[in-house]
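Me: Could you walk me through this structure while I have it open? I'll ask about one part at a time.

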Amino acid sequence: MTWAVVSIIIVSTIKILMTCLPTGPVEWLIKKFEIHSKLNETDVTITIDGKNLVDEDKLQVIHYFNEATYLKQHYIYPGTEELFLHPENSNTPLVIDTKSGKKDVRLFVFSYNDRIDVVKQYKKKVIAYSLSSEPLQKSALEVQY
């Protein structure tokens, strides 16, 4: 009988802690598992076709990227990473080099008429997802031409 009472108290305590976490741990958990993370101006280098973007263009691209709406993630089958890193029907990508914690992350941003495809590469992992951002699509096309 005492084991039942003790187990109910332990399970209730765990339930309360899981449903009422303070803001700090919740933000840490969300940041740890988010796919589309925000960029910081100081840790970012943006290049297009080997040329660095500086000052206003760089800040504008970062702002548009941070404000973009996440659409969906694309599953990458093992062995098909190169198809996402170098798609056949795309323009020259924006290449964004940044840091996420201690990891170096490289983002390839491919602009299309209806969406933005982002390929996130760090260590040996590759993640691909789509964004919706009309200003980013327009600015990427302006920078390329």
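Reply: What follows goes through a predicted model, beginning with the strands and then turning to backbone angles, aromatic rings and a surface patch.

Me: Good. Which way do E1 and E4 run, and how many bridges join them?

Reply: Strand E1, residues 45-48, runs antiparallel to E4, and 4 bridges join the two. For one of the pairings, threonine 45 has aspartate 97 in E4 as its bridge partner.

Me: And how does E1 pair with E2?

Reply: E1 and strand E2, which covers residues 51-52, also pair in the antiparallel sense, over 2 bridges, and threonine 47 stands opposite asparagine 52 in E2. The hairpin of E1 and E2 has 2 residues between the strands, and aspartate 49 there takes a positive phi near 55 degrees.

Me: Threonine 47, then: buried or exposed?

Reply: Threonine 47 has a relative accessible area of 16%, so it is buried, the cut-off for that being under 20%. Leaving aside neighbours within four places in sequence, threonine 47 is in contact with Asn52, Pro93, Leu94 and Val95.

Me: What about valine 95 itself, where is it and what is it in contact with?

Reply: Valine 95 is found in strand E4, residues 94-100, and counts as buried at 14% relative accessibility. With neighbours within four places in sequence again left out, its contacts are Thr45, Ile46, Thr47, Arg106, Leu107 and Phe108. As for tyrosine 64, which is 31 residues from valine 95 along the chain, the two C-alpha atoms are separated by 15 Å.

Me: Switching to backbone angles: what is phi at aspartate 55 and at lysine 123?

Reply: Aspartate 55 has a phi near 50 degrees, a positive value in a residue other than glycine, and its place is in helix H3, residues 55-67. Lysine 123 is likewise not a glycine and has a positive phi of about 50 degrees, but that residue is found in the loop between strand E6 (116-122) and strand E7 (125-132).

Me: Are those two buried or exposed?

Reply: Aspartate 55 is exposed, with a relative accessible area of 61%, and lysine 123 is exposed as well, at 71%.

Me: New topic. How many aromatic pairs are there in the whole structure?

Reply: A search of the whole structure finds 2 aromatic pairs. In one of them, tyrosine 70 and tyrosine 129 lie 5.8 Å centre to centre with 40 degrees between the planes, an arrangement that is tilted. This pair links distant parts of the chain, as tyrosine 70 is in strand E3 (residues 69-74) and tyrosine 129 is in strand E7, 59 residues apart.

Me: How accessible is each of those tyrosines?

Reply: Tyrosine 70 counts as partly exposed at 34% relative accessibility, whereas tyrosine 129 counts as buried at 1%.

Me: Why is the pair of tyrosine 75 and tyrosine 77 edge-to-face?

Reply: The ring planes of tyrosine 75 and tyrosine 77 stand at 80 degrees, with the centres 4.8 Å apart, so the pair is edge-to-face; the cut-off for that label is over 60 degrees. Both tyrosine 75 and tyrosine 77 are exposed.

Me: Last one: which residues make the nonpolar surface patch?

Reply: Leu21, Val26, Trp28, Leu29, Ile30 and Phe33 make a nonpolar surface patch of about 620 Å². Of these, isoleucine 30 is found in helix H2, residues 23-33, and is exposed, with a relative accessible area of 53%.

Methods. Residues numbered from 1 in each chain as written. Predicted model: local features only at pLDDT ≥ 70, side-chain atom pairs only at ≥ 80, totals over all residues. Heavy atoms only, no water. Patch = residues over 30% accessible without salt bridge, like charges linked within 9 Å, V, L, I, M, F, W, Y side chains within 5 Å. Areas by Shrake-Rupley, 256 points an atom, 1.4 Å probe, with all protein chains shown as cover. Salt bridge = Lys/Arg side-chain N within 4 Å of Asp/Glu carboxyl O. Buried < 20%, exposed > 50% of the residue type's maximum accessible area, 1.4 Å probe, protein only. Contact = heavy atoms within 4.5 Å. Pairing = 2+ DSSP bridges. Phe/Tyr/Trp six-rings, centres within 6.5 Å; stacked < 30°, edge-to-face > 60°.
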